[in-house]
Amino acid sequence: MKKIILLLITICSINTFGQKSEFNLIDLDTTWGKEVIHFPVRNMNYNGTGEVRFPPKGWIKPKHDNFWSYTYAWSINVNREIPKKELAIDLVKYFNSLNHIDMSDIENKHYSSATVTKIKQNKTTTFFKGQVNIFDRFATNKMITLHVKIERFYCKKKQKTNLLFKFSPKEFKHQTWKMLQKVKLHTDLCD
């Protein structure tokens, strides 16, 4: 009996420590909800990890300022800079997958659409903004528009791409974006 208990404790410890190491993309405190996604996922053939973080309050409440406002980071084994057209397609794939919509069913009234525009670039980061029209199957069962800001970090040394997506149905000037603008990736992802 003692051996079984010791084995269970060991397995739980390994699982617990293993999961903590997966939550290392976005630099946020523990009040934010979190989920880890492992690529490849439905419709997306990248290899890597995704980390979704939700604000402490209001994500699923339509009348709250934080409704559908969240951030999502990808660390994927892509040895190139992902262009804006591919980012838009990836957003469509992501939201269609989230809503269990077949990518070949473009006539589906809940099929997502996305536009992405490059806004600036510095030595290590390219910034984009855009819009995504999605079906909200979690709260309203209606189509909604999310505004999105994307930061693309290409890590030549590791031959990886890190992406940080920030979503909200609120216009970019809304106070919710002040909260989202503070969200950053950990600085050591390319080291």
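Predicted model: local features only at pLDDT ≥ 70, side-chain atom pairs only at ≥ 80, totals over all residues.
How many salt bridges does a search of the whole structure find? The search finds 4, a salt bridge being a side-chain nitrogen of Lys or Arg within 4 Å of a carboxyl oxygen of Asp or Glu.

Residues are numbered from 1 along each chain as its sequence is written, and side-chain values use heavy atoms, with hydrogens and water left out.

**The sheet**

Begin with the strands in a cartoon view. Helices (H or I, at least four residues) and strands (E, at least two) are DSSP runs, numbered from the N terminus. An open sheet is formed by 7 strands, and its order is S2-S3-S4-S8-S7-S6-S5, with antiparallel pairing. Two strands count as paired if DSSP finds at least two bridges between them. Select strand S2 (33-41) and strand S5 (113-121) to see the edges, where each strand pairs on one side only. On average, neighbouring strands of this sheet are turned by 20° against each other, direction ignored. Such angles run from 0 to 180 degrees between N-to-C directions, the axes being lines fitted to C-alpha atoms, for helices over the stretch in contact. In general, strands of a sheet pair through backbone hydrogen bonds, either parallel or antiparallel.

S5 and S6 run antiparallel and are joined by 8 bridges. Within this region, Ala114 stands opposite Val132 in S6.

**The helix across the sheet**

Select helix H2 (residues 84-98) next. H2 lies across strand S3 (44-54), strand S4 (70-76), S5, S6, S7 and strand S8 (160-168). Relative to S5, H2 runs at about 140°. Contact here means heavy atoms within 4.5 Å.

Follow the chain into the loop between H2 and S5, where His100 is found. The phi of His100 is near 60°, a positive value in a residue other than glycine. His100 is exposed, with a relative accessible area of 57%. Throughout the tour, buried means under 20% relative accessible area, exposed over 50%, and partly exposed in between (1.4 Å probe, protein chains only).

**Other backbone stops**

Gln159 lies in the loop between S7 and S8. Its phi is also positive, near 55°, and Gln159 is partly exposed at 46% relative accessible area. Now return to strand S2 and select Pro40. A cis peptide bond joins Phe39 and Pro40, with omega about 5°. For background, most residues other than glycine have a negative phi, and most peptide bonds are trans.

**Salt bridges**

Display the side chains of Lys166 and Glu151. Their closest N and O atoms are 3.1 Å apart in a salt bridge. Lys166 lies in strand S8 and Glu151 in strand S7, so the pair ties together parts that are 15 residues apart in sequence. Are Lys166 and Glu151 buried or exposed? Lys166 is buried at 1% relative accessible area, and Glu151 is buried at 11%.

Continue to Arg53 and Glu51, whose side chains meet in a salt bridge (3.2 Å, N to O). Both Arg53 and Glu51 are buried. The next pair to select is Glu86 and Arg80, which form a salt bridge at 2.8 Å, N to O. Glu86 counts as buried at 19% relative accessibility, whereas Arg80 counts as partly exposed at 35%.

**The disulfide**

Finally, display the cysteine sulfur atoms. A search of the whole structure finds 1 disulfide, defined as a pair of cysteine sulfur atoms within 2.5 Å. This disulfide joins Cys155 to Cys190, with an S to S distance of 1.7 Å. Cys155 lies in strand S7 (residues 142-155) and Cys190 in the segment after strand S9 (184-185), so the pair ties together parts that are 35 residues apart in sequence. The torsion about the S-S bond of Cys155 and Cys190 is about -50°, so the disulfide is left-handed. Cys155 is buried at 2% relative accessible area, while Cys190 is partly exposed at 27%.

Asp188 is also found in the segment after S9. Asp188 counts as partly exposed, at 45% relative accessibility.
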